[in-house]
Amino acid sequence: MESGDEPPKTLTSSTTRHKCAACFKQYKKKEHLIAHMKTSYHSVHQPKCGVCQKHCKSFESLREHSTGPLAKVNCSKIFAERGCNLCMQTFDSPVSLREHHNICCLPAPALFGTIKMPCPESQIYDPPVDIENDTANHPEAVAMDCEMVGGGSDGSLDLCARVCLVDEDEKLIFHTYVIPQIPVTNYRYEVTGITEDHLRDAMPLKEVQEKILQILYNGESIGRLRLNGGRARVLLGHGLEHDLDCLKMNYPDHLLRDTAKYPPLMKTNLVSHSLKYLVKTYLGYDIQTGMHDPYEDCVSVMRLYKRLRSQKHLTKGMEFSLPARSTPSLTNGHDSWNYREIQNMTPEELFNISKSNYRCWCFDSRQPLHL
């Protein structure tokens, strides 16, 4: 066709647009839409615009969609009137929004303090009596935060010198200073508030490990812990891998919940936000304004987790993704039955069999953990 020729006005296969039911991207060819669905991992667990129902990969991308300079006029207008800037929900009326905001915007937790705090028995959690159904509704969670001092010739090596754990009721269940395994060359006092005096009667690392594992295992056997968690507690934190590494501890991946690595809380380029940013953006208060307080950080992580765990997502029966349903060898003729089946699906049906590439925390509120 010459450049000046006009295409026919009738709707043909060459002009049909195939629209993604989740993010609304459009494609000229059905196979391009299928390829998009295989790599996008769209699901009901992604943050969703309360106005147009578009699914976004993170709350940050949802915020850009609803309030950014490129936001759609209708979404931007309605969200400005009835949208919560913290949890990103849209409500029926400004009155409902005001009522919700009184609950959604939380006060900062009381500071634990930065003075020397030994760890008496009252601050070591005593696991409950073995009750078979104590996790029938959801696994119990514990939040942990560590404060690091510096070791090595330049003080850049992180050494755990203080650790704090809180439960779901924001109750302090364990706190102690920790004896570093090598000499401290930088106490980082401006951030940690830790001095040499704090570590003089601190707890040895091995004893700290034992007490933390006692809290986390909750009387559960190691075998069941590794299989499905059982009564073992979920461990929350921000940068958990680093904290556990500094404590020289291991804990099963399926029992870890890290606010630094949870996709809905990450930047659009999948880089982690700071805990300070997440708390201000999604809980509405400031932390770490001076010396870091481990209790404040623990409580803030717990609040973020509980807010995301409480989300209600309508899950579907099929719990497998498009990549799992159609193998990578589709293009060279294998598994042609599945290929034909997917080709005949509508965009909505493709979305219905699509699944997240991460485990949504909303599942923690419904059932005991299963791999």
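A: The end C-alpha atoms of residues 18-47 lie 22 Å apart, and the span is 37% helix and 13% strand. Helices (H or I, at least four residues) and strands (E, at least two) are DSSP runs, numbered from the N terminus. The model is predicted, so local features need pLDDT of at least 70 and side-chain atom pairs count only at pLDDT 80 or more, while totals for chains, interfaces and linings use all residues. Residues are numbered from 1 along each chain as its sequence is written, and side-chain values use heavy atoms, with hydrogens and water left out.

Q: How many aromatic pairs are there?

A: Rings of Phe, Tyr and Trp (its six-membered ring) pair if their centres lie within 6.5 Å; planes under 30 degrees apart count as stacked, over 60 as edge-to-face and the rest as tilted. The count by this rule is five. One of the pairs is stacked: Y262 and W361, at 3.8 Å centre to centre with 10 degrees between the planes. Y262 lies in the loop between strand 8 (256-258) and helix 10 (275-282), and W361 in the segment after helix 14 (347-352), 99 residues apart. Ring pairs also link Y262, Y305, Y358 and W361 into a cluster.

Q: Is Y262 buried or exposed?

A: Buried means under 20% relative accessible area, exposed over 50%, and partly exposed in between (1.4 Å probe, protein chains only). Y262 is buried because its relative accessible area is 4%.

Q: What does the chain average in pLDDT?

A: pLDDT is the predictor's confidence in each residue, from 0 to 100. The protein chain averages 84, and 82% of the residues score at least 70.
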